[in-house]
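Subject: Structure for your files, with notes

Hello,

The structure we discussed is below. My notes on its charged side chains and helices follow it.

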Amino acid sequence: MDQKMVDAINKQINAELWSAYIYYAMAAWLEDNDLPGMATWMKAQAQEELFHADKFFNFVTERGGRVVLSAIDDPGTDWESATAVFEHAYEHEQWVTDNINALMDLAIELKDHATASFLRWYVDEQVEEEANTSAVAQQLRMVEGSASLFMLDKELGARVFTAPTAAAE
Ligand code: OFO
């Protein structure tokens with residue numbers, strides 16, 4: 001694999017791990033603000049990010065590249081409200097989508113068909129990532145400050161992370 005592609009994917013591994021770190025930080029804030037269901041949801045989201053990082057890790061290794069890890073940025077510790085948490089998560093996912101699209105552009109430029117094919121999974125995954133975070137932010141805008149917040153918290157607490165099966169990958 002072209003070293004430029006390896007370097008770009010290594011950067012994305014860092015971004016995925018940073019995403020997990022951000023979502024764990026958000027889970028901690030939600031726990032601290034008596035929203036354990038939302039914290040559970042965020043932890044599942046963090047686990048999903050670890051899965052994304054691991055999938056990139058395995059791909060680089062499989063193609064003979066070297067995974068190089070770098071320092072992870074500060075995830076932040078404070079948000080104004082639960083709505084602000086999920087709005088931030090949605091914005092973050094939009095940023096990740098831009099990164100994935102840039103990776104795809106590079107794979108196409110390098111005529112690296114194997115990487116382009118592999119990246120398709122992430123392109124599709126980002127549609128879901130944006131939709132999920134945006135939907136919760138939208139629900140929160142409607143219920144924050146009302147008793148329905150606790151119903152929503154309960155509902156979101158049902159989320160469980162399940163790693164996609166090989167067939168669905
Ligand atoms: Fe890895 O998709 Fe979210 O960040």
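Arg-141 has a relative accessibility of 45% and therefore counts as partly exposed (buried is under 20% relative accessible area, exposed over 50%, partly exposed in between, with a 1.4 Å probe and protein chains only). The areas come from the Shrake-Rupley method, and for residues only the protein chains shown count as cover.

This is a predicted model, in which local features need pLDDT of at least 70 and side-chain atom pairs count only at pLDDT 80 or more, while totals for chains, interfaces and linings use all residues. Residues are numbered from 1 along each chain as its sequence is written, and side-chain values use heavy atoms, with hydrogens and water left out.

Salt bridges

There are three salt bridges in the structure (a side-chain nitrogen of Lys or Arg within 4 Å of a carboxyl oxygen of Asp or Glu).

- Arg-141 and Glu-87 pair at 2.6 Å, N to O. The pair joins helix 4, which holds Arg-141, to helix 3, which holds Glu-87, 54 residues apart. Helices are DSSP runs of H or I with at least four residues, numbered from the N terminus. Glu-87 is partly exposed at 28%.
- Arg-159 and Glu-48 have their closest N and O atoms 3.1 Å apart. Arg-159 is buried at 18%, and Glu-48 is buried at 12%.
- Asp-112 and Arg-63 meet at 3.2 Å, N to O. Asp-112 is in the loop between helix 3 and helix 4 (113-143), and Arg-63 is in the loop between helix 2 and helix 3, 49 residues apart. Asp-112 is buried, with 10% relative accessibility, whereas Arg-63 is partly exposed at 29%.

Helix 3

Just after helix 3, Lys-111 has a positive phi of about 55°.

Negative patch

Glu-31, Asp-32, Asp-34 and Asp-78 form a negative surface patch. Patch residues have over 30% relative accessible area and no salt bridge, with like charges joined within 9 Å and nonpolar side chains (Val, Leu, Ile, Met, Phe, Trp, Tyr) within 5 Å. Asp and Glu count as negative, Lys and Arg as positive; His and the chain ends are not counted. A charge is placed at NZ of Lys, CZ of Arg, CG of Asp or CD of Glu. Asp-32 belongs to helix 1 (residues 3-32) and is exposed at 63%.

Regards

Notes. Accessible areas come from the Shrake-Rupley method with a 1.4 Å probe; for residues, only the protein chains shown count as cover. Helices (H or I, at least four residues) and strands (E, at least two) are DSSP runs, numbered from the N terminus.
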